[in-house]
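Please walk through this protein with the model open beside the text. We begin with the overall fold and end with a few single residues.

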Amino acid sequence: MAHFYDCTTTNEPKFEKNVTTPAQARKNNYKTYPSVTTVLGIIKDDFLDSIYKPRMMVDLARKHPNLVWQDIETLVYGTREHPVTGDTIGSSEFGTAVHKCIEDKVEALMQGTEAEPNPYDSWAEPFVEWIHESGTKPMCCEHIISSSTIKTAGSIDFMGYDDEDKLFLADYKCRTNCKGKAKTYPKDCEQLAIESFMVMKEYKLDYLPRCITVCVDCETTKHYHKEWTPEEMKKGIDNFKYACKLYWNKRMKK
């Protein structure tokens, strides 16, 4: 599903939960921008989008003839087992729960309190441990950033200061089959890099904040960090800007 933000006030973007299509965004107001992930959705992968997803949807529809297509789609990228009930849930639901658990723990850390026990604690605790071990000073979670120049907005999982007091960004990805290392994709970099670029502009920094993809292994609960190089980030920023121009030309203009 596409996501959009009302960016009438650039430094206070607001998520538009009732706007889910470009047509609705165009009617809403001219300052309604697509999210970073929505823009990146216009970039298709030859294998994932043309072969894997159609094949999986056909197979799943045959196995679950009573499910509507939206429910089938949520199962395309796998299922997980709920840590308490043992029920089978979609990977997106599992990932959302892990994200929220990490957010709650980091927020509690910043406030000097203890987060409530959570069924997903095992998948969240490694990040809090890393914060302590690396000397990181958390700044915020789920920070929404936007740009009236690029015409997009996005939510950053984590922002903090490293041991040199420089700002950096982190994004959590729940993945399987990690095989002892971070399992990442170009879109992971493109998402973080453009958000870093927007942060640099908003805070008037003289440097581009570092970007780290935190890969959460769903099977082992271990975390693996991938820090994107300056060269990878530059390419990611360029790719996103091209994609955003294409998205606006194809979807947002009447």
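Helices and strands here are DSSP runs, numbered from the N terminus; a strand needs at least two residues. Strand E5, for instance, covers residues 88-90, and Thr88 sits in it. Keep in mind that this is a predicted model.

Start with the whole chain. The protein has eight helices and 10 strands. Its radius of gyration is 19 Å, close to the 18 Å that the globule rule gives for 254 residues, so the protein is as compact as a globular protein of that length. Along the principal axes, the C-alpha atoms fill a box of roughly 55 × 50 × 35 Å. Of the 254 residues, 43% count as buried.

Now turn to helix H8, residues 230-252. This helix gives the most to the lining of the second largest pocket, with five residues. The space in that pocket is about 220 Å³. Which residues line the second largest pocket? They are Thr149, Ile150, Lys151, Phe197, Lys241, Cys244, Lys245, Trp248, Asn249 and Lys253. By class, the lining splits into four nonpolar, two polar and four charged residues.

Two of those lining residues, Lys151 and Trp248, also meet directly. Lys151 lies over the face of Trp248, at 4.9 Å from the ring centre. A charge counts as over a ring when NZ of Lys or CZ of Arg is within 6 Å of the ring centre and within 35 degrees of the ring normal. Arg210 does likewise with another ring: it lies over the face of Phe168, at 5.2 Å from the ring centre.

The aromatic residues come next. The model holds 11 aromatic pairs. One of them joins Tyr33 and Trp248, edge-to-face, at 5.9 Å centre to centre and 75 degrees between the planes. Tyr33 lies in strand E3 (residues 32-34) and Trp248 in helix H8, so the pair ties together parts that are 215 residues apart in sequence. Are these two residues buried or exposed? Both Tyr33 and Trp248 are buried.

A further pair is Phe94 with Tyr120. The ring centres of Phe94 and Tyr120 are 5.4 Å apart and the planes stand at 75 degrees, so this pair is edge-to-face. The cut-off behind that call is a plane angle over 60 degrees. Phe94 is in helix H5 (residues 91-111), while Tyr120 is in the loop between H5 and helix H6 (121-134). The two are 26 residues apart, and their pair links distant parts of the chain. Phe94 has a relative accessible area of 2%, so Phe94 is buried. Tyr120 counts as buried too, at 7% relative accessibility. Both calls rest on the rule that buried means under 20% relative accessible area.

Aromatic rings also gather in a cluster. Phe127, Trp130, Phe158, Phe168 and Tyr172 form one aromatic cluster. Phe168 is the residue whose face lies under Arg210.

Helix H8 has another residue to look at, Tyr247. At 2% relative accessibility, Tyr247 counts as buried. Where does the chain come back to Tyr247? Val39 is 208 residues away in sequence, yet the C-alpha atoms of Tyr247 and Val39 are 6.2 Å apart in space.

Ser92 is placed in helix H5. Ser92 has a relative accessible area of 47%, so Ser92 is partly exposed. Thr88, by contrast, is exposed, with a relative accessible area of 61%. The C-alpha atoms of Thr88 and Gly78 are separated by 10.0 Å, and the two are 10 residues apart along the chain.

Finish with two loops. What is the backbone phi of Asp165? It is positive, about 65 degrees, although Asp165 is not a glycine. Asp165 lies in the loop between strand E7 (152-161) and strand E8 (167-175). At 48% relative accessibility, Asp165 counts as partly exposed. Thr221 also has a positive phi, near 70 degrees, in a residue other than glycine. Thr221 lies in the loop between strand E9 (210-217) and strand E10 (223-227). Its relative accessible area is 21%, so Thr221 is partly exposed.

Notes
Residues are numbered from 1 along each chain as its sequence is written. This is a predicted model: local features need pLDDT of at least 70, side-chain atom pairs count only at pLDDT 80 or more; totals for chains, interfaces and linings use all residues. Side-chain values use heavy atoms; hydrogens and water are left out. On a 1 Å grid over the protein atoms alone, a cavity is a set of points where a 1.4 Å probe fits but cannot get out, and a pocket is an open set with protein on both sides within 12 Å along at least five of seven lines; lining residues have an atom within 4 Å of a point. Grid points are joined across faces, edges and corners, and a volume is the space filled by probe spheres set on the points. Helices (H or I, at least four residues) and strands (E, at least two) are DSSP runs, numbered from the N terminus. Ala, Val, Leu, Ile, Met, Phe, Trp, Tyr, Cys and Pro count as nonpolar, Asp, Glu, Lys and Arg as charged, and the others, Gly among them, as polar. Rings of Phe, Tyr and Trp (its six-membered ring) pair if their centres lie within 6.5 Å; planes under 30 degrees apart count as stacked, over 60 as edge-to-face and the rest as tilted. Buried means under 20% relative accessible area, exposed over 50%, partly exposed in between (1.4 Å probe, protein chains only). The radius of gyration is taken over C-alpha atoms; the globule rule is 2.2 Å times the number of residues to the power 0.38.
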